[in-house]
Amino acid sequence: MAKPKNRLPNSIIILNIIMIVIVVVICVLLVSLLYGDQFTKEHDVPSVEVSSAATVEAESTAEAKAEPAATTTTKATSSVSMTKRTTEPTEPVVVPDEPDETEETVEYQTGVYSKDFFKDDLFIGDSITTGLHLFDRLDMKNVAADTGYTPYKAYTEAIPMHDGTSQTALDYAEKMQPKRIFIMLGSNGLAAAGPMEDSYKTLIEKLTVACPDTMLYCISVSPLAKGSTYESADGLNNEAVKKFNTFIKSICSEYGIRYIDLYSQLVGEDGYFLDTYAEVDGMHFKSATYDLMLAYIQDSIG
């Protein structure tokens with residue numbers, strides 16, 4: 001008969017279990033003490049990465065949410081910019097200089113002239129020429145003229161000037177030294193055109209010496225209207241006018257002076273001074289005629 005196996009007492013078994021548990025706990029504690037920091041770090045990294053990722057995602061989301069607002073703002077700004085561009089010119093705005101108070105621009109049916117254009121010039125002439133300042137087309141300082149004035153009288157006879165003095169047109173011109181001189185003489189004395197031609201030449205020569213830097217211009221004698229009182233009283237006619245104008249033109253060519261053909265601007269198809277521009281006496285100018293004359297001169301010599 002076999003012997004029964006020896007069994008350990010229960011107390012020993014329980015003691016062994018307790019010792020095993022203690023050893024396991026000690027091992028766990030040792031492992032925890034030895035590898036706790038590394039374990040924590042290894043387990044914290046994902047947490048940081050997730051946090052960073054979450055932060056980036058949150059920022060991206062925030063930007064994405066903010067982007068429409070920014071786009072809206074940009075569109076609004078662009079809209080304002082476009083509005084400004086549509087109301088502003090595409091080229092620089094050039095602000096014109098304010099006109100001089102003394103400058104006057106006059107428009108008429110055939111052109112424009114500026115009073116300021118003639119501010120440094122001098123017109124020498126007879127009663128027709130006096131209308132330039134009598135009708136306020138030019139200042140008195142720009143006119144040396146008198147009733148019955150002739151080329152001879154222009155350098156021999158003193159006439160009242162704007163400054164209260166009496167001087168010949170020649171002396172006044174020498175004192176003034178104008179930029180340009182316009183000789184508008186010849187209507188008086190056509191009955192004795194021969195001597196007047198000589199005095200006309202003499203006047204040009206004297207003005208050339210007295211005003212060496214001044215440009216000289218000779219204006220043709222204007223035509224007479226049909227039935228002019230001067231034509232009937234003095235025996236004047238347009239044939240005599242045209243003949244003297246031919247002389248003026250030739251003398252201009254001889255001395256290198258510019259000839260201004262005003263006659264052709266005032267004569268009609270019938271060969272007479274146009275009623276539109278002629279005064280009732282058939283020789284002198286209406287106020288509008290001075291506008292035409294000055295505009296024509298400015299356009300011609302510009």
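How many helices and strands make up the secondary structure of the protein chain? The protein chain comprises eight helices and nine strands, where helices (H or I, at least four residues) and strands (E, at least two) are DSSP runs numbered from the N terminus. The structure is a predicted model, in which local features need pLDDT of at least 70 and side-chain atom pairs count only at pLDDT 80 or more, whereas totals for chains, interfaces and linings use all residues. Residues are numbered from 1 along each chain as its sequence is written, and side-chain values use heavy atoms, with hydrogens and water left out.

Of the 302 residues of the protein chain, 35% are buried; buried denotes under 20% relative accessible area, exposed over 50%, and partly exposed the range in between (1.4 Å probe, protein chains only). Among contacts in the protein chain with a separation of 6 or more, 63% involve residues 24 or more positions apart, a contact being heavy atoms within 4.5 Å.

Packing between helices was examined next. Two packed helices are described by the angle between their axes and the distance between the axes. Here, axes are lines fitted to C-alpha atoms, for helices over the stretch in contact, and angles run from 0 to 180 degrees between N-to-C directions. Helix H4 (residues 193-210) packs on helix H6 (residues 238-255) at an angle of about 30°, and the two axes are 11 Å apart. H4 is therefore roughly parallel to H6, given that angles under 35 degrees count as roughly parallel, over 145 as roughly antiparallel, 65 to 115 as roughly perpendicular and the rest as oblique. The crossing of H4 past H6 is right-handed; a crossing is right-handed if the near helix is turned clockwise from the far one by less than a right angle, and left-handed if anticlockwise. On the H4 side, the contact is formed by Ala193, Met196, Glu197, Tyr200, Lys201, Ile204 and Glu205. H6 contributes Phe244, Phe247, Ile248, Ile251, Glu254 and Tyr255. By class, the contact of H4 with H6 contains nine nonpolar, no polar and four charged residues. In this classification, Ala, Val, Leu, Ile, Met, Phe, Trp, Tyr, Cys and Pro are nonpolar, Asp, Glu, Lys and Arg are charged, and the others, Gly among them, are polar.

H4 also packs with helix H3 (residues 169-176), at an angle of about 25° and with the axes 9 Å apart. H3 and H4 are therefore roughly parallel to each other, and their crossing is right-handed. Leu170, Ala173 and Glu174 of H3 meet Lys206, Leu207 and Ala210 of H4 in this contact. The residues of the contact of H3 with H4 comprise four nonpolar, no polar and two charged.

Helix H2 (127-134) is mostly covered, with six of its eight residues buried. The buried residues of H2 are Ser127, Ile128, Thr129, Thr130, Gly131 and Leu132. Their cover includes S3, S4, strand S7 (180-184) and helix H8 (287-301).

Seven salt bridges are present in the structure, each defined as a side-chain nitrogen of Lys or Arg within 4 Å of a carboxyl oxygen of Asp or Glu. Lys115, Asp136 and Asp139 are linked in a network of salt bridges. Asp136 is located in the loop between H2 and strand S4 (143-145), and Lys115 in the loop between strand S2 (111-114) and strand S3 (121-125), so the pair ties together parts that are 21 residues apart in sequence. Asp139 forms a salt bridge with Lys115 in which the closest N and O atoms are 3.2 Å apart. Because Asp139 lies in the loop between H2 and S4 and Lys115 in the loop between S2 and S3, this pair joins parts that are 24 residues apart in sequence. Lys115 is buried, at 8% relative accessibility, whereas Asp136 is partly exposed at 45% and Asp139 is partly exposed at 34%. A further salt bridge connects the side chains of Asp116 and Lys119 (3.8 Å, N to O), and Lys119 is partly exposed at 40% relative accessibility.

Two serine positions were also characterised. Ser228 occupies the loop between strand S8 (215-219) and helix H5 (229-234) and is buried, with a relative accessible area of 2%. Not counting residues up to four places away in sequence, Ser228 touches Asp281, Gly282 and Met283. Ser300 lies in helix H8 and is partly exposed at 26% relative accessibility. Ser300 and Asp261 are 39 residues apart in sequence, with a C-alpha to C-alpha separation of 9.7 Å.
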